[in-house]
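Dear colleague,

Please find below the structure that I promised to hand over. My notes on the strands, helices and cores follow it.

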Amino acid sequence: MASVDSEQITLYEFNRLIGRTLYAADGLTNRWVVAEFSDFALRGGHCYCELVDKDPQTDAIRAKIRGIIWSSQYPKILDKFLRGTGEQLRSGIKVLLRLSVNFHEQFGISLIISDIDPSYTLGDMERRRREILERLKREGVINDNRELAMPMVPQRIAIISAAGAAGYGDFINQLNNNKSGIIFYTALFEARMQGRDTAPTVVEALNRINRHADCFDCVVIIRGGGSTSDLSSFDDYNLAYAVTQCQLPVITGIGHERDNTVIDYISNLRVKTPTAAAEWLIEQGENALSAIVQLSQDIFSTAQLSMAEEKKHLASVEVTIPHIVENRLVRARSALQALATAIPARATARIESASARLPMIAEALRIAARNQVEKARLKLGNLADSINILSPQNTLRRGYSITTANGKAVKSASQILPGTVITTHLADGSIDSTVN
């Protein structure tokens, strides 16, 4: 049995052994393999990426490995793909590649890409995005959130992020330490931002925000950088639908500038990173502050100009007033003089007019007096006739008599006592009698 020491080799030697084993194996060179590009990037003319394979049932990544297209091959492969599909090589595209295994003692295993089949155009991730967007379009909700009006200065921010995430920390730091001193009021609605729980927890956060929509101006969904495959959780129909139905404008700052997810297409505003979201919010506040400063300067300038013009006007009025008063006095004196001249003539005319009317008035008075005297005479005649008719003498002449006792007319037999002297008055005399 060999000793332990005799079996020891260095990691470098072990890695070389792995390399020799891989290169000696059959089927690891020039194989056509279906894979999806992720984290596609160019550096120094070389293309570096991750190749991923997903479970058709669960959509979970079941295989991942580094891929390289050397600068000597990249222009040819890119040109072939562009001519065949009209698309750029990028993350999210599912392709058919000619691969050979490569192993480096320092950098480990990778796959060298030597050719591409343009018949594979869009990867599973891109296809799913398009299917989700098409479904939202058919349902008529794809533009719902984009059509919400963003407040001029959104300051009450509902944030959906993981509490300890670097992107969230960068966002808050940027927001709270802005050079203009603008105050923002933030509330974190925590959610998982990676893995299978991402979509349902973000949807739940959106539902909670909707219940308190009056407390906020907008929603910010932020997540720091990661691989494109890590961001696939945001390509989810339920999450996308929840974003379209959010009662507040949604700002997305997910990943890097090169990354795009379904919710980036349907949100009210898409920015490239969490810090870019903070910068955009600060910019809105600064723009409003600049507008207020400019407005106050305009108001001050306008007030100064108005005051200067009013001072000129007052000076002009001050000079003009004495002339106006003098002119008014001259006109008043002229009017008074005209009235003084007109009074005698008008008085004479009034007197002459009254004198002309006096004979007519005198004649009218005489006629009125005669009429009144005649009316009185007729009335007196009527009264005299009535008196003659109703006089006691006329009554006596008609055969009636009047009895008096003690100088008073007797109206009732009960007034007469025995021994009373009564006088009976007749038309042609009177008779005295004593009552027995």
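Two strands are said to pair if DSSP finds at least two bridges between them. Strands (E, at least two residues) and helices (H or I, at least four) are DSSP runs, numbered from the N terminus. The model is a predicted one, in which local features need pLDDT of at least 70 and side-chain atom pairs count only at pLDDT 80 or more, while totals for chains, interfaces and linings use all residues. Residues are numbered from 1 along each chain as its sequence is written, and side-chain values use heavy atoms, with hydrogens and water left out.

I begin with the antiparallel strands. Strand E1 (residues 31-43) is joined to strand E2 (residues 46-54) by six bridges, and the two run antiparallel. Arg43 stands opposite His46 of E2. The hairpin that E1 and E2 form has two residues between the strands, and Gly44 in its turn has a positive phi of about 60°. E2 is in turn joined to strand E3 (residues 61-69) by eight bridges, again antiparallel; here Tyr48 has Ile68 in E3 as its bridge partner. Six residues lie between the strands in the hairpin of E2 and E3, where Asp59 takes a positive phi near 70°.

There is also an open sheet of five strands with parallel pairing, in the order E7-E6-E8-E9-E10. Its edge strands, E7 (185-190) and E10 (269-271), each pair on one side only. On average, neighbouring strands of this sheet are turned by 20° against each other, direction ignored. Strand E9 (residues 250-254) and E10 run parallel and are joined by three bridges, with Val271 in E10 as the bridge partner of Gly253.

Axes here are lines fitted to C-alpha atoms, for helices over the stretch in contact, and angles run from 0 to 180 degrees between N-to-C directions; contact means heavy atoms within 4.5 Å. Helix H6 (residues 198-211) lies across E6 (156-161), E7 and E8 (218-223), at about 160° to E6. Helix H9 (residues 274-390) lies across E6, E8, E9 and E10, at about 155° to E8.

Next come the helix pairs. Helix H5 (residues 166-176) packs with H9 at an angle of about 20°, with the axes 8 Å apart. H5 and H9 are therefore roughly parallel to each other, a term that covers angles under 35 degrees. Gly167, Asp170, Phe171, Gln174 and Leu175 are the H5 residues that meet H9, at positions including Pro274, Leu281 and Ile282. The axes of H6 and H7 come within 9 Å and cross at roughly 15°, which makes H6 roughly parallel to H7. In this pair, Ala199, Val202, Val203 and Leu206 of H6 meet Asn238, Leu239, Ala242 and Val243 of H7.

Finally, the interior. A nonpolar core is a set of buried Ala, Val, Leu, Ile, Met, Phe, Trp, Tyr and Cys residues joined through side-chain atoms within 4.5 Å, where buried means under 20% relative accessible area (1.4 Å probe, protein chains only). The largest such core has 34 residues, of which Ile160, Leu206, Val219, Ile221 and Leu239 touch the most other members. H6 gives the largest share of this core, six residues. Apart from it lies another core, of 22 residues, among them Leu22, Ile77, Leu89 and Val101.

Yours sincerely

Definitions and conventions: Buried < 20%, exposed > 50% of the residue type's maximum accessible area, 1.4 Å probe, protein only. Parallel < 35°, antiparallel > 145°, perpendicular 65-115°, else oblique.
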